[in-house]
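Visitor: I would like to go through this structure one point at a time. Please show it first.

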Amino acid sequence: MFVVWGILGLSFLVFFHELGHFVAAHLFGVKVEAFSVGMGPVLLHHTHKGTDYRLSLIPIGGYCAMKGEQDYQRALDSDSPFIEAELDSFYGVHPIKRALIGFAGPFFNLLFAFLAFTVIALTGYTYYSAGTTVSMADEVFENGFSAAHEAGLMSGDTIRALDGNEIEAFNDIGTYVSLHGDKPIVITVERDGKLLDFNVTPYFSKEDAAYLLGVVADSNSVVAHTVKGKNIFSAIAEGLRRTGTFLTVTVKSVAILFKGIDLTSTVSGPVRITTMLGSAVSEGFSEGVQTGIVSTLEWLSLISVSLFFTNLLPIPVLDGALILFALLECVTRRKMPPKVLYYIQIVGIVIIGMLFAFVLFCDIKSFIH
């Protein structure tokens, strides 16, 4: 059952992405010929103001079919030097509008993350984390290393702050280091009733694909932390902050991929993501409705921010390439020849195909091991 929850969760994010394109197309005067919830054969449909709204058989994502999207193929088939298009079609509007229509899909993914984090902040939530009294990794694990120990921290120290930011739970340490691990961190600890400061430079672990301090939590200190609901203005601020944090972590995570880590054990594809999302939803709701909702929104937000970043990469077939081509057309004031677009798209399809094959291999490897 958890696989079904995972598929439905990812499908919703795809649908919300397409909804962004739909809204922007209407806003910038491009006729939307069809907008579907789901894929495959159409079960129900209703035409309103020229748009055929559909409910399709396969409950996976959806699509936004805009007028003129086939103009490119017709120009290619007729060997035309440019794409002929009507004013209310995708290739007929100003390239800036086309770029904004392309950007709207990823933007809606980011918007969803913001809305979800705002809702979480409004309702409040409970999470479980160990305390901040730590042990040194080199004393706990054989052949372990601890940058914190080398800097002067000792097992039994209680971490109170990182760079002056108060730390209440062990989870907070991992989040902060993931954002600031590439530079020295001032760690404030309590030892024998006194506060002491230590400058610690986190080290990069290829095995964990992360920056680490080399500290270990006390598993017996795990307790529930309850965060009370905020007022609307504070919740909006929290939504913006957490969205920014997730986006920063996503960008830094991509940079880490080029540090010589084992990509096959680090990169997750659609199968593993679906499984993890489904498990999180099932486990969350097994603990209660509120916990389930918060857990689901957290995971969907993380994936949604990743989709925002990924779709903006300038790889042909993705929205990022569409935006880039539109901006180039705007700057050069020349329409890109259909044949050039064709060859670029072929390259893009090959790249996407190779990436999909690789992440699928990563997923299979993770399940085998």
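Visitor: Between which two strands does the loop with T132 lie?
Guide: This is a predicted model, in which local features need pLDDT of at least 70 and side-chain atom pairs count only at pLDDT 80 or more, while totals for chains, interfaces and linings use all residues. Residues are numbered from 1 along each chain as its sequence is written, and side-chain values use heavy atoms, with hydrogens and water left out. Strands (E, at least two residues) and helices (H or I, at least four) are DSSP runs numbered from the N terminus. On that numbering, the loop that holds T132 runs between β3 (125-129) and β4 (134-136).

Visitor: Is T132 buried or exposed?
Guide: Buried means under 20% relative accessible area, exposed means over 50%, and partly exposed is in between (1.4 Å probe, protein chains only). The relative accessible area of T132 is 7%, so T132 is buried.

Visitor: Which backbone oxygen does the side chain of T132 reach?
Guide: Contact here means heavy atoms within 4.5 Å. Not counting residues up to four places away in sequence, T132 touches D157, T158, I159, I167, E168, A169 and F170. At 2.9 Å, its side chain reaches the backbone oxygen of I159.

Visitor: I159 also belongs to a core, I understand. Which residues touch the most other members in the largest nonpolar core?
Guide: A nonpolar core is a set of buried Ala, Val, Leu, Ile, Met, Phe, Trp, Tyr and Cys residues joined through side-chain atoms within 4.5 Å. The largest one has 22 residues, and those touching the most other members are V30, V32 and M66. Two or more residues each come from α1 (2-27), β1 (32-48), β2 (51-66), α2 (71-77), α3 (95-123) and α11 (319-332). I159 is in another core, which lies apart from this one and has 21 residues, among them M136, F198 and L213.

Visitor: What is V30 in contact with, leaving aside neighbours within four places in sequence?
Guide: V30 is a member of the largest nonpolar core. Its contacts beyond those neighbours are A25, M66, K67, D88, S89, F90, V93 and I101.

Visitor: How far apart are the end C-alpha atoms of α3?
Guide: The expected span of a helix is 1.5 Å times one less than its number of residues. With 29 residues, α3 should therefore span 42 Å, and this agrees with the distance between its end C-alpha atoms, 42 Å.

Visitor: Where in α3 does the kink lie?
Guide: The bend at a residue is the angle between axes fitted to the seven residues ending there and the seven starting there. In α3 there is a kink of about 35 degrees, shortly before the proline P106, and it lies at A104.

Visitor: Which residue follows α3, and what is its phi?
Guide: The residue after α3 is G124. Its phi is positive, near 85 degrees.

Visitor: Is K49 buried or exposed?
Guide: K49 is found in the loop between β1 and β2. Most residues other than glycine have a negative phi. K49 is not a glycine, yet its phi is positive, about 50 degrees. Its relative accessibility is 77%, so K49 counts as exposed.

Visitor: What is the phi of N143?
Guide: N143 sits in the loop between α4 (137-140) and α5 (147-151). At 77% relative accessibility, N143 counts as exposed. Although it is not a glycine, N143 has a positive phi of about 65 degrees.

Visitor: How far apart in space are G181 and L213, C-alpha to C-alpha?
Guide: G181 lies in the loop between α6 (170-180) and β7 (185-191), and its relative accessibility of 3% makes it buried. Not counting residues up to four places away in sequence, G181 touches P202 and Y211. G181 and L213 are 32 residues apart in sequence, and their distance in space is 8.4 Å.

Visitor: Which residues does S205 touch, not counting those up to four places away in sequence?
Guide: S205 is found in strand β9 (residues 203-205). It is buried, with a relative accessible area of 9%. The residues touched by S205 are A210 and L212.

Technical notes:
A polar contact is a pair of N or O atoms within 3.5 Å; within protein, one must be able to donate a hydrogen and the other to accept it, and residues adjacent in sequence count only if both atoms are side-chain atoms.
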